[in-house]
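Please open the structure in your viewer and keep the sequence panel beside it. The stops below begin at the ligand and then move on to the pockets and cavities.

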Amino acid sequence: MEHPLAGKVVIITGASSGIGEATARVLARLGCRLTLAARSAGKLRSLAAELGPAALAVPTDVTLGPEVMQMVARTVERFGRIDVLFANAGIYIPGQVAEGDPDAWANLMNVNITGVMRCVHAVLPYMMEQRSGDILVTSSISGFIDIEWEPVYSASKHAIQGFVHTLRRQVAPANIRVGALAPGMVANELWGFTDPAEIDRHVEAHACLRSEDVAQAAVFILSQPPHVTIRDMVMLPQNQDL
Ligand code: NDP
């Protein structure tokens, strides 16, 4: 039997690494048509080449309005519609407020919050016209509890939770679903983990998830029948003490 996501047109931001890349791989296997968005053009192009003609690489900085609009327009030009926005791009800054850099925080807010809002704003006209669509945002456990070693990041993900919950209610009458996928620690480039052996060690200690685990959760959320919305999914490594 065909998978419910086969043939769906999915935009993934942050597709050049980590959770976004892992989700692109699994959705490609399920027969989705994909727009891969992030700033690293080389990484996106090699992933698109690997995934085949159903994947379109569109280098995009989610903080730049014209680039976001163009990325969405190119998706519609190529695939004719947009079924899913996986608004996943994000950056991380931990640390003491007293020692931090407010300009770096402003950039984090721009990527993690406004970047998500820009992408949502750009896809909504198409989804509203179709009277269908799924918007899934990568939040974090840091959007559910106040994590004291990452106050700025935690504030950005709390903002995402507020946005997701209000947006969901605004667009539900247009038959659009909105949800948040909120992982705990994922062993990937966000933490500087690139060595597969190092990733395995953290996972085997039950201290980290894999990007692929989060990708499977995204597939689960997006595969629900039309009457079901997963509003929030919090997933943690078994041994994360939060
Ligand atoms: P990665 O660092 O591997 O991926 C981040 C992605 O975001 C990259 O593809 C990066 O691509 C992209 N990105 C960053 N800035 C921009 C920008 N301005 N415009 C477009 N794309 C951008 O980490 P993850 O895969 O883990 O991160 C994905 C999401 O998961 C983030 O929202 C993060 O907050 C969230 N998350 C991560 C956790 C973890 O422990 N790793 C835990 C909980 C949530 P490029 O640099 O090419 O632009």
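Begin by selecting the side chain of Arg39, where an N or O atom lies 2.7 Å from an oxygen atom of the ligand, a polar contact (a pair of N or O atoms within 3.5 Å). This is a predicted model, in which local features need pLDDT of at least 70 and side-chain atom pairs count only at pLDDT 80 or more, while totals for chains, interfaces and linings use all residues. Residues are numbered from 1 along each chain as its sequence is written, and side-chain values use heavy atoms, with hydrogens and water left out.

Next, select Ser16, whose side chain has an N or O atom 2.7 Å from an oxygen atom of the ligand, and then Asn88, where a backbone N or O atom is 2.9 Å from a ligand oxygen. The ligand on its own has 870 Å² of accessible area, and the protein covers 93% of this (areas by the Shrake-Rupley method with a 1.4 Å probe).

**The largest pocket**

Which space holds the ligand? The ligand sits in the largest pocket, meaning that more than half of its atoms lie within 2 Å of the pocket's grid points. On a 1 Å grid over the protein atoms alone, a pocket is an open set of points with protein on both sides within 12 Å along at least five of seven lines, a cavity is a set where a 1.4 Å probe fits but cannot get out, and lining residues have an atom within 4 Å of a point. About 940 Å³ of space lies in this pocket, a volume being the space filled by probe spheres set on points joined across faces, edges and corners. Select Asn88, Ala89, Gly90, Ile91 and Leu190, which lie nearest the centre among its 43 lining residues.

**The second largest pocket**

Move to Gly133, Asp134, Arg177, Gln224 and Pro226, which lie nearest the centre of the second largest pocket, lined by 23 residues. Its elements giving two or more residues to the lining are β5 (133-138) and β6 (176-183), and β6 gives the most, with 3 residues. The volume of the second largest pocket is about 400 Å³.

**The cavities**

Finally, look for the 2 cavities of 30 Å³ or more. The largest cavity holds about 80 Å³ of space, and its lining includes Asp134, Arg177 and Gln224. For the second largest cavity, of about 30 Å³, select the lining residues, among them Asn88, Ala89 and Cys119. The largest share of that lining, 4 residues, comes from α4 (102-130), and by class the lining has 6 nonpolar, 3 polar and no charged residues.

Technical notes: A polar contact is a pair of N or O atoms within 3.5 Å; within protein, one must be able to donate a hydrogen and the other to accept it, and residues adjacent in sequence count only if both atoms are side-chain atoms. Ala, Val, Leu, Ile, Met, Phe, Trp, Tyr, Cys and Pro count as nonpolar, Asp, Glu, Lys and Arg as charged, and the others, Gly among them, as polar.
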